[in-house]
Amino acid sequence: MKTPPQWLIFVCIIPLLIGVHPVNGQQRNRDMDNFIKELMAQMTLDEKIGQLNLVTAGEVTTGEAVSTDVESNIKEGKIGGIFSMTSAQRIRAAQELAVNHSRLKIPIIFGLDVIHGYKTIFPIPLGLAASWDMDLIQETARIAAIEAAADGLNWTFSPMVDISRDARWGRISEGSGEDTYLGSRIAEAMVRGYQGDDLAAYNTLMACVKHFALYGAAEAGRDYNTTDMSLHRMYNEYLPPYKAAIDAGAGSVMTSFNDINGIPATANQWLMTDVLRKQWGFNGFVVTDYTAINELIDHGLGDLQAVSALSLKAGVEMDMVGEGFLTTLKKSLEEGKVNEADINRACRLVLEAKYKLGLFEDPFRYCDEARAQQELLNPTHLAKAREAAGKSFVLLKNEGQLLPLKKQGTVALIGPLANTGSNMPGTWSVSADLENTPSLLEGMQTALGSQVKILHHQGSNLLADTVYQDRATMFGRAIPRDKRPEAEIIAEALEIAKGTDVIIAALGESSEMSGESSSRTDIGIPDVQQRLLAKLLETGKPVVLVLFTGRPLTLTWEHGHVPAILNAWFGGTETGKAVADVLFGDVNPSGKLPATFPQHVGQVPLYYSHKNTGRPLAEGQWFQKFRSNYLDVSNDPLYPFGYGLSYTTFAYGEMTLSTDSFKKNDTLQVYVEVTNTGNHEGEEVVQLYIRDLVASVTRPVKELKGFRKIRLKPGESQRVAFDITEEDLKFYNTSLEHVAEPGEFAAFVGTNSRDVQEKRFFLVE
Ligand code: BGC
């Protein structure tokens, strides 16, 4: 490589030293514009359509279709992007085909589902959300980008920001739970983490916000199912996280599979153009979900040519796997069903993304075997994964301060999730090294060394039904089946537990019991494991349930019988060590639920920010005739949104407001003093909710509007302050105007969405 002359280095450095960027944003845009104009002037129609084609390398597939003829299609300029290749070497080889053998040498964009880590796997997104720690979440996304980008990738299909209030839906595990505000803050943090402040940097990925839109509101919690929702609910509750991610600068958006009020998202012009582009000013590109254009045929919108044209016109730019664009757009253009401007728009936006990623400057910027060697699974990343896992765990119950345990004696670790490394990363960890991920047992052994003796037994199968278990352990996540009668297996486990001081039961879901196409109607711990748990409790020994799950579960029986429950979700690569950290007191749990845990699946959808109805229950009542309730189960959740215990206790002083009435341009402060009244240093998430008491439309009984995570030593106090401004009181009214209506409001402060104090105030003109 030639070294640039000294004077050039000097000239380039001066502006950096004095804080002036050599090219400002506008100039960069002009340069990009000119570059793409010139490039597109040389492109044939086929080459333009080629840019709209995203194929899979076939390492990871989530549908029936797999791309073919990838190599020859690259050379012919028929491929704009490839996803699911996972090595710098393979990506370099594919990129070489594009930039050395295709006519115009246009580089390829390389994507992957880097959802909660690349090789270093962090907790599943629902678990990360339970940390309520935005810096931590941003750091996990940053590390994911550093690792993936070293391996040649430049685009991730994340963040997944679909609000979900239905625990039957398996993909609730991939998002941030039920809440609009928390979900929006996390969406921003993740985009910042992936994209950094320069998309063209060698260690950043372009984010892709998905699944636009409302995928998490699938009817009956059945994946890919229809959604039908009022605009009012959409704008107030479901759309804000997508918008937050776009406002944070996300470069791309993925359409969702579902039907929305009669028009599937992938063909929905109102959504993709009116909302996304015109109302929100999005200027990146839109990619479909996996074969989502082809699926419009089954939705009943026409044949492949018709639905491909519909999708392009609706505002889609890139077609994932289905090749509808590749095979039909030319014909549609000839027949006048699409026009050249539609194709040009799509091609330009895809090329712009490549330009912003710096791929035209250096198509191999992201492939660096040496960097990959250094970055993947490096000790700093693993340390962050251990920290993140510990912070994601939620202590659901701790009767008699059973936890933390003492680092001594003998522990029985029993259950089908106790020794399965491949299940620890959790769903949607497609690039994880499953074979080499330590199991809970292995991780705990490493963390505890010889201080604690751990005896292990599987205790039961994951599920009694073999076929169900096969479905629940796909993609290399098999859990060995013990074919002996259940009683025999349990008897053996009890024998092992006999001489131990405490039993740790590792139970719950396998990682593939949540995630895509993994909806469940019964959201309890599987029966066969529950029977094991009952037997373990009968021994009279202290039992700690370490729960694995990708969704809120119904734990009513467990809550009634098991003294200590730690929800570990799926904690990623370092799950085992992090569980040891928390169980044995090196880390004090601080996670808070990002989704309500119901008492019974029949209550679903159950969420804290519901409307009041015209017949709410009287305070303290759980059944009243002709009131909104059930005959058999109260309306209460088992564990409310925002709930989670600590080894210490926190006392809240009386909340105060700076004023009881404030004007639209002013700010109102809410104060509360929180004291650590226990014996352990710990973190608490102080939560602020509001309610609009009288408005032109009905408003939720509570809405999260702020939170602070604070760390306090025993005896220490901190005064926490929240600002409330007009912005926090705004909502979309029936004309979809974003307004704050003067009148009376309630502010609530507390440790979760249920246990709060309340003070009233007025917003005045
Ligand atoms: C999923 C997306 C994912 C895509 C590519 C689809 O089945 O719905 O979330 O990004 O596959 O792997």
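Residues are numbered from 1 along each chain as its sequence is written. In this predicted model, local features need pLDDT of at least 70 and side-chain atom pairs count only at pLDDT 80 or more, while totals for chains, interfaces and linings use all residues, and side-chain values use heavy atoms, with hydrogens and water left out.

Helix α15 comprises 17 residues, 340-356; helices (H or I, at least four residues) and strands (E, at least two) are DSSP runs, numbered from the N terminus. From first C-alpha to last, α15 reaches 24 Å, close to the expected 24 Å, where the expected span is 1.5 Å times one less than the number of residues. Its buried residues (under 20% relative accessible area, 1.4 Å probe, protein chains only) include I343, R348, L351 and K354. Just after α15, G358 adopts a positive phi of about 80°.

Strands β12 (residues 410-414) and β13 (residues 453-457) run parallel and are joined by five bridges; pairing requires at least two DSSP bridges. A412 stands opposite L455 in β13. Between β12 and β13 the chain passes through helix α18 (residues 440-448) in a right-handed β-α-β crossover, that is, clockwise from the first strand over the helix to the second, with the strands pointing away from the viewer.

A nonpolar core is a set of buried Ala, Val, Leu, Ile, Met, Phe, Trp, Tyr and Cys residues joined through side-chain atoms within 4.5 Å. The largest has 126 residues, of which W155, F212 and F285 touch the most other members. Helix α7 (residues 134-150) supplies its largest share, nine residues. Because domain 1 (6-372) and domain 3 (650-764) both contribute residues, this core lies between them; the domain bounds come from an automatic or database assignment. Another core, of 73 residues, lies apart from it and includes L413 and V452.

Definitions and conventions:
Buried < 20%, exposed > 50% of the residue type's maximum accessible area, 1.4 Å probe, protein only.
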